[in-house]
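Subject: Structure handover

Hello,

Here is the structure we talked about handing over. Please open it next to this message.

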Amino acid sequence: MDWHRDLLLPIASNVIGVFVGVVLALWSDRRRQHLADAKEVKRLSDELNDLREVIVSSVIKATLEAMRVKSTLSNKNDPLMLEIHFELAVWEAAHSQFVRLAPLDDRILFSRFFDQVRRLARLVDFHRGLLANRDSGLSSSGYEFSANVAKHLAELAEDVRLDGVIVVSDHGDATQKRILGL
């Protein structure tokens, strides 16, 4: 029986040692992977926060321009609305990355807002064209059409302003909210 013990004891201790080594290696690998995943989640969260801050700043600019549309329509200082500029480059540059990182509600909210800004920018351009061609002899129906476009432009500008206020109140920081007077 001594030879059994001399043979089985080293084999059992080697098997137990290998088993403990494998368990420790798996535990260490799982811990390393968990730390790497946590670091990646933190990096993506920071990236999303940075993107959101840049995009909210663009929302503020578009909202302020929408406010200027309404005041320009009632004021005759800039009859062709040449001082109104909607900048969509920030959204176009950050859109794909933001959509990849942001939750669905945020993607819908920001996409809807910037689609509305794009429509407003096209309507402003159309209105500028109408005003530029106004002196070439519009009929009374042309003046009525121009007045209807201006009315629709004011309504769309108000919608953009309200949507911008909602976006900033939901996603903006204290400084950004102060800029809009919230």
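Below are notes on the aromatic pairs and on one leucine.

Bear in mind that this is a predicted model.

Aromatic pairs

The count comes to four aromatic pairs, with ring centres within 6.5 Å as the rule. Take Phe98 and Phe110. Their ring centres lie 5.2 Å apart and the planes meet at 80°, so this pair is edge-to-face. An angle over 60 degrees is what that label needs. The pair links distant parts of the chain. Phe98 belongs to helix α2 (residues 89-101). Phe110 belongs to helix α3 (residues 104-133).

Phe98 has 0% relative accessibility, so it counts as buried. Phe110 is buried too, also with 0%.

Phe113 and Phe114 form another edge-to-face pair. Here the centres are 5.2 Å apart, with 85° between the planes. Phe113 has a relative accessible area of 1%, so it is buried. Phe114 is buried at 0%.

Leucine 104

Leu104 is located in helix α3. Is Leu104 buried or exposed? Its relative accessible area is 52%, so Leu104 is exposed. The cut-off for that label is over 50%. Leu104 and His4 are 100 residues apart in sequence. In space they are 67 Å apart, C-alpha to C-alpha.

Best wishes

How values were computed
Residues numbered from 1 in each chain as written. Predicted model: local features only at pLDDT ≥ 70, side-chain atom pairs only at ≥ 80, totals over all residues. Heavy atoms only, no water. Phe/Tyr/Trp six-rings, centres within 6.5 Å; stacked < 30°, edge-to-face > 60°. Helix = DSSP H or I, 4+ residues; strand = E, 2+ residues; numbered from the N terminus. Buried < 20%, exposed > 50% of the residue type's maximum accessible area, 1.4 Å probe, protein only.
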